[in-house]
Amino acid sequence: MTRRITNHKILGSFEVDLVTFYWNGLELHGHRGESLTAALLANDIRTLRLHEKDGSPRGLYCNIGHCSECRVTIDGKKNQRACLNTVKEGMKIESQSMLPNLTEGGRNDA
Amino acid sequence: MLDTIIIGAGPAGLAAASTLKGDRSVMVIDEYTQAGGRLLGQLYEEGRGKWWNGLEIAERMYKEIEDEVQVKLNTSVINIEKDTHFTIHTTDGIFTSNHLIVATGAREKSTPLPGWDLPGVMTVGAAQVLTNFQRVSPGEQGVIIGINPLSMVISLELGYADIPVKKICMPVANALNYQKPGDAFETLVSLGGLAPSRMIFYGSRTLEQLPKVQEFLLKAFPKRGIRAMGLPISIKEQVIRINGTDKVESVTVQKTNADGEPIEDTEKDISCDFVCLSDGLAPLSEICSLLNMKHVYIKSLGGYVPLHSRYMETEIDGLYVAGNITGIENAKIAIMQGRLAASQILGDTAAAEEYLKKINDERQNAKVRFHPDLVNGKEKLQSSWTDFSHSLN
């Protein structure tokens with residue numbers, strides 16, 4: 001399980017300002033203005049997408065927009081970096097998954 | 001047309017904007033949702049009870065400029081052109097300016113090892129942003145792989161938020177990871193004021209001059225690691241893989257000798273639900289590469305940096321650099337570099353000299369030194385710049 005750090009011995013405390021959003025149709029709550037990576041992790045969701053090629057699970061990695069590992073679909077718009085987008089009331093976020101294999105003979109094909 | 005566009009709203013970019021505001025029309029562009037760059041999340045004790053709180057500093061710096069400077073957040077720069085002026089293509093429009101300050105900062109280098117793509121594995125910087133800025137714990141208990149100034153500071157920060165770190169140790173040696181226990185020991189020594197033990201703290205500045213003493217201490221460093229400042233530091237243990245099916249469940253560690261060679265039958269699993277990888281920082285210079293600018297590789301600065309003078313000038317007239325793109329250092333230096341670059345644009349040579357002096361003073365007194373050989377690296381860069389300038393005449 002993960003948790004919010006609402007009390008911090010140096011940074012002090014804050015109150016969560018809840019907004020409702022949807023993850024693959026599931027109703028969840030986030031803190032207004034926080035990134036989607038933070039909102040999803042606070043709900044104990046670590047797998048943000050399945051790899052396009054082999055379907056292996058991937059999560060947030062750099063959390064500041066450099067690595068693009070956290071790509072999700074936001075309100076129908078694909079390949080958005082979850083770490084650079086903030087959670088908004090009613091937002092619909094969906095995970096992306098394996099693509100159909102249209103080509104054969106690639107280097108990694110078994 | 002603007003006078004100056006600044007790419008990056010971190011400490012360097014915000015400081016440059018603050019120096020230029022009022023005199024010049026300025027726009028700051030950043031892809032993040034909030035101004036501050038990697039100030040957002042920084043937290044360390046500068047002196048007894050005196051904290052460097054990056055979030056507060058970022059908010060203060062932003063407030064200072066918000067009325068007079070256009071700050072475009074959530075906006076990525078996708079291309080740059082230069083003829084008589086600069087044309088900046090972004091995800092939210094095209095803008096032109098007479099001057100450009102590139103203050104894009106740094107990226108975290110990665111330490112590939114088996115299992116590093118599992119959900120729950122992240123960079124130490126990601127854990128820092130989660131913990132201190134977003135205030136969501138990266139997990140219940142973690143393992144940090146990689147011993148360098150950044151990973152040490154962030155391990156302390158996880159402690160301030162009561163997030164247990166079970167081990168800070170080395171990555172398995174492979175073609176891409178070549179850090180040895182000796183390098184990690186040097187890091188502990190170079191931490192100076194933040195050194196994790198009294199012995200290293202008091203000896204840190206003199207130890208650097210005494211390689212024989214260092215060699216002895218490295219050999220004597222216990223294989224099970226030491227517990228210092230609440231951190232379990234182990235320079236003679238390496239993580240050989242990260243385990244889990246859909247997410248991190250454990251890491252497998254193995255003991256090594258002082259040269260980093262593995263010792264057989266010492267493998268053991270440590271359970272954890274998050275792992276931070278850390279291989280230090282590298283200057284982020286793609287923007288300069290778009291203009292085909294010359295770069296110089298200097299290890300002690302973190303890698304390739306755009307060729308520039310100590311006054312932040314580059315080979316392109318009107319284009320300046322500031323902050324970690326010029327080499328990995330702390331935010332105080334980035335701030336003064338931003339002000340220095342802005343002073344150059346204003347033609348204020350007296351101010352430029354003053355910031356240059358402040359930068360040199362801060363380098364001598366820095367609490368966290370990212371590389372022991374930094375000053376030599378800066379000299380090497382300046383001599384490359386001098387050679388380049390001469391070649392033009």
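**Chatting through a two-chain model**

Q: Starting with strand 9 of chain A, what does Trp23(A) stand opposite there?
A: Trp23(A) faces Ile93(A) in that strand. Keep in mind that this is a predicted model.

Q: Switching to chain B. Is helix 3 mostly covered or mostly open?
A: Helix 3 of chain B, residues 124-134, is mostly covered, with 11 of its 11 residues buried. Among them are Val124(B), Leu130(B) and Phe133(B), and also Gln128(B), Thr131(B) and Asn132(B).

Q: What follows helix 3 of chain B?
A: Arg135(B) follows, and its phi is positive, near 60°.

Q: Where do helix 1 and helix 9 of chain B come in?
A: Those two cross: the axes of helix 1 (residues 11-20) and helix 9 (residues 331-346) of chain B come within 7 Å, at an angle of roughly 35°. The crossing is right-handed.

Q: Which residues meet there?
A: From helix 1 of chain B, the list includes Pro11(B), Ala12(B), Ala15(B) and Leu20(B). On the helix 9 side of chain B, you'll find Ala334(B), Ile335(B), Gly338(B) and Arg339(B) among them. By class, the contact has 11 nonpolar, 4 polar and 1 charged residues.

Q: New topic, salt bridges. How many are there over all chains?
A: A search of the whole structure gives 21. The general idea is that side chains of opposite charge can pair when their charged atoms come close.

Q: Which residue does Arg4(A) meet in a salt bridge?
A: Its partner is Glu34(A), at 2.8 Å from N to O. This pair links distant parts of the chain, 30 residues apart: Arg4(A) sits in the segment before strand 1 (7-8) of chain A, and Glu34(A) in the loop between strand 4 and helix 1 (36-42) of chain A.

Q: Why does Glu34(A) count as buried?
A: Because its relative accessibility is 5%, and buried means under 20%.

Q: Why does the pair of Arg58(A) and Asp117(B) join two chains?
A: Because Arg58(A) lies in strand 6 (residues 57-58) of chain A, while Asp117(B) lies in the loop between strand 9 (106-108) and strand 10 (121-123) of chain B. Their side chains meet at 3.1 Å, N to O. Arg58(A) is buried at 11% relative accessible area, whereas Asp117(B) is partly exposed at 34%.

Q: Which residues are joined with them into one network?
A: Salt bridges that share partners bring together Arg49(A), Glu52(A), Arg58(A), Glu69(A), Arg71(A) and Asp117(B).

Q: Last one: what does the salt bridge of Lys72(B) and Asp92(B) look like?
A: Their side chains meet at 2.7 Å, N to O. Lys72(B) is in strand 5 (residues 70-72) of chain B and Asp92(B) is in the loop between strand 7 (86-90) and strand 8 (93-102) of chain B, so the pair ties together parts 20 residues apart in sequence. Lys72(B) is buried at 13%, and Asp92(B) is partly exposed at 44%.

How values were computed. Residues numbered from 1 in each chain as written. Chains lettered and ligands numbered in written order. Predicted model: local features only at pLDDT ≥ 70, side-chain atom pairs only at ≥ 80, totals over all residues. Heavy atoms only, no water. Pairing = 2+ DSSP bridges. Helix = DSSP H or I, 4+ residues; strand = E, 2+ residues; numbered from the N terminus. Buried < 20%, exposed > 50% of the residue type's maximum accessible area, 1.4 Å probe, protein only. Axes fitted to C-alpha atoms, helices over the stretch in contact; angles between N-to-C directions. Left-handed = near helix turned anticlockwise from the far one by under 90°. Contact = heavy atoms within 4.5 Å. Nonpolar A, V, L, I, M, F, W, Y, C, P; charged D, E, K, R; others polar. Salt bridge = Lys/Arg side-chain N within 4 Å of Asp/Glu carboxyl O.
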